[in-house]
Amino acid sequence: MLSEIAREAILGLTGEDYDEDQQEAWAEAAGDEAALARRLADHLTLVATREGEPVGFIALADNRLIDMLFVHPEAAGQGVGALLYDAVEKLAGARGAKVLAVDASDTALGFFQKRGFVPKSRNTVPRGGVWLGNTTMEKTLGEPPTTH
C-alpha cells in the first residue's frame, strides 16, 4: 500500500523536475513492496489516512534523517505532507534530536526550505540506470522556519 503511494507520487507529482526516464526508474524502485518493507523496518514511520485509506507517509531513520515523505497526488496540496512533517519533527525533538536532515528531491526542495531546512550539498543518485538529482538539507531544531 505505501509503495503504491510512493509510486503514484513520483509519477504524478515530479514531472516538472525529472524526465520520464528518471520518473520511471525512481517509481520502479519505490514500487517494490518487499524492498520498501525492509527499508522501513527500523524506521519510525507515520501514515496519514483519509476515510481509513492511507494517503501519505513519512519515515524517520536514526531519529535524524527523513528518509521518505510521499503524498498521493489526489491528496497533494491539502496539508498532508505538512501534517506528517510537523509530527515527525515533534517526535524527533522529544526523543532528543538537535538536527534533522533530508536528501530532498528537486520537487520537495521548496517544501523543506519553507520549514527551515538549509541546503548543504547537491547529489546525484543512481536509479535503474539513470541518475537523479537531490539536495542534502539540514535543519537545527528549535529554530523558527524561514520565510521566503
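**Figure 1. Ala48 and the residues it touches in the predicted model.** Leaving aside residues up to four places away in sequence, Ala48 touches Glu53, Pro54, Val55, Gly56, Val80 and Leu84. The model shown here, as in every view, is predicted. Ala48 sits in strand E1. Is Ala48 buried or exposed? Its relative accessible area is 10%. Ala48 therefore counts as buried, a term that applies under 20%. Leu83 lies 35 residues from Ala48 along the chain. Even so, the C-alpha atoms of Ala48 and Leu83 are separated by 8.3 Å.

**Figure 2. His43, in the loop that leads from helix H3 to strand E1.** Helix H3 spans residues 33-40, strand E1 spans residues 44-50, and His43 is found in the loop between them. With a relative accessible area of 16%, His43 is buried. Which residue does the side chain of His43 join through a polar contact? The partner is the side chain of Asp67, at 2.9 Å.

**Figure 3. Helices H1 and H2, packed against each other.** H1 covers residues 2-13 and H2 covers residues 20-30. Their axes are 8 Å apart. The packing angle is about 175°. Angles over 145 degrees count as roughly antiparallel, so H1 and H2 are roughly antiparallel to each other. Which residues make the contact? H1 supplies Ser3, Ala6, Arg7, Ile10 and Leu11. H2 supplies Gln23, Glu24, Trp26, Ala27, Glu28 and Ala30. By type, the residues of this contact divide into 6 nonpolar, 2 polar and 3 charged.

Figure 4. Along the sequence, the pattern reads α-α-α-β-β-β-α-β-α-β-β. The radius of gyration is 15 Å, close to the 15 Å that the globule rule gives for 148 residues, so the protein is as compact as a globular protein of that length. The C-alpha atoms fill a box of roughly 40 × 35 × 30 Å along the principal axes. Of the 148 residues, 40% count as buried. Ala48 and His43 are both buried. Take the contacts between residues at least 6 apart in sequence: 60% of them join residues at least 24 apart.

Conventions. Residues are numbered from 1 along each chain as its sequence is written. This is a predicted model: local features need pLDDT of at least 70, side-chain atom pairs count only at pLDDT 80 or more; totals for chains, interfaces and linings use all residues. Side-chain values use heavy atoms; hydrogens and water are left out. Axes are lines fitted to C-alpha atoms, for helices over the stretch in contact, and angles run from 0 to 180 degrees between N-to-C directions. Helices (H or I, at least four residues) and strands (E, at least two) are DSSP runs, numbered from the N terminus. Angles under 35 degrees count as roughly parallel, over 145 as roughly antiparallel, 65 to 115 as roughly perpendicular and the rest as oblique. Contact means heavy atoms within 4.5 Å. Ala, Val, Leu, Ile, Met, Phe, Trp, Tyr, Cys and Pro count as nonpolar, Asp, Glu, Lys and Arg as charged, and the others, Gly among them, as polar. Buried means under 20% relative accessible area, exposed over 50%, partly exposed in between (1.4 Å probe, protein chains only). A polar contact is a pair of N or O atoms within 3.5 Å; within protein, one must be able to donate a hydrogen and the other to accept it, and residues adjacent in sequence count only if both atoms are side-chain atoms. The radius of gyration is taken over C-alpha atoms; the globule rule is 2.2 Å times the number of residues to the power 0.38.
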